[in-house]
Amino acid sequence: MAIPSGSGSEILTSTYIHGQSSTASTLRWDGTPATTGTSTYVVPDHHIITVLSIVCTEMAGAAETVTILVFDGSQYIHLVNQQSIPANGTFIWNDKFVVKAGHRVQVQCTVANVDIYCSYIDQDWT
């Protein structure tokens, strides 16, 4: 993606995955929630996404781990690797990072039933 010129928009928004399981899922960047187990959602062309925070809450009463990765089209980069979440607990990851067109942000848990909520800034240069 070239450096944007001209006009565009910058929107503070959010997305989520309800009931994340051990099957990998990617966050979705079009204003709709991701489907658990779908790992093909990518950042759209001419968009720059700045992730502000990811909140992971265990909903089934059993200890979990969560892994968060970025796929750049050729390799996975581990951002959070097997972070423990206690039963009915919450893990908040608020280190900011940027993903660009074609990248995927993937989440995977040990077992099942973790809600994932992500707040981000979407810079749209279409």
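Predicted model: local features only at pLDDT ≥ 70, side-chain atom pairs only at ≥ 80, totals over all residues.

Analyst: Residues are numbered from 1 along each chain as its sequence is written, and side-chain values use heavy atoms, with hydrogens and water left out.

User: How many helices and strands does the chain have, and what is its radius of gyration?

Analyst: Helices (H or I, at least four residues) and strands (E, at least two) are DSSP runs, numbered from the N terminus, and on that basis the chain has 0 helices and 9 strands. The globule rule, 2.2 Å times the number of residues to the power 0.38, is set against a radius of gyration taken over C-alpha atoms. For 126 residues the rule gives 14 Å, and the chain comes close to this, so it is as compact as a globular protein of that length, with a radius of gyration of 14 Å.

User: Arginine 104 is buried; how far away is the nearest side chain of opposite charge?

Analyst: Lys and Arg count as positive and Asp and Glu as negative, with His and the chain ends not counted, and a salt bridge is a side-chain nitrogen of Lys or Arg within 4 Å of a carboxyl oxygen of Asp or Glu. Arginine 104, found in strand 8, instead makes a polar contact with the side chain of tyrosine 76 (3.3 Å), this being a pair of N or O atoms within 3.5 Å of which, within protein, one must be able to donate a hydrogen and the other to accept it, residues adjacent in sequence counting only if both atoms are side-chain atoms. Its side chain also reaches the backbone oxygen of serine 39 at 3.4 Å. Arginine 104 has no salt bridge, and the nearest side chain of opposite charge, aspartate 72, is away by 8.6 Å.

User: Which side chains meet in a salt bridge?

Analyst: Side chains of opposite charge can pair when their charged atoms come close. The count here comes to 1 salt bridge, with an N to O distance of 3.1 Å. One partner is partly exposed at a relative accessible area of 24% and the other is partly exposed at 46%; they are arginine 28 and aspartate 30.

User: Is threonine 26 buried or exposed, and which backbone nitrogen does its side chain reach at 3.1 Å?

Analyst: Threonine 26 is found in strand 2 (residues 25-26) and counts as buried, because its relative accessibility is 0%. Its contacts (heavy atoms within 4.5 Å), leaving aside neighbours within four places in sequence, include Ile17, Ala34 and Arg104. A polar atom of its side chain lies 3.5 Å from the backbone nitrogen of threonine 40, and the backbone nitrogen reached at 3.1 Å belongs to tyrosine 41.

Technical notes: Buried < 20%, exposed > 50% of the residue type's maximum accessible area, 1.4 Å probe, protein only.
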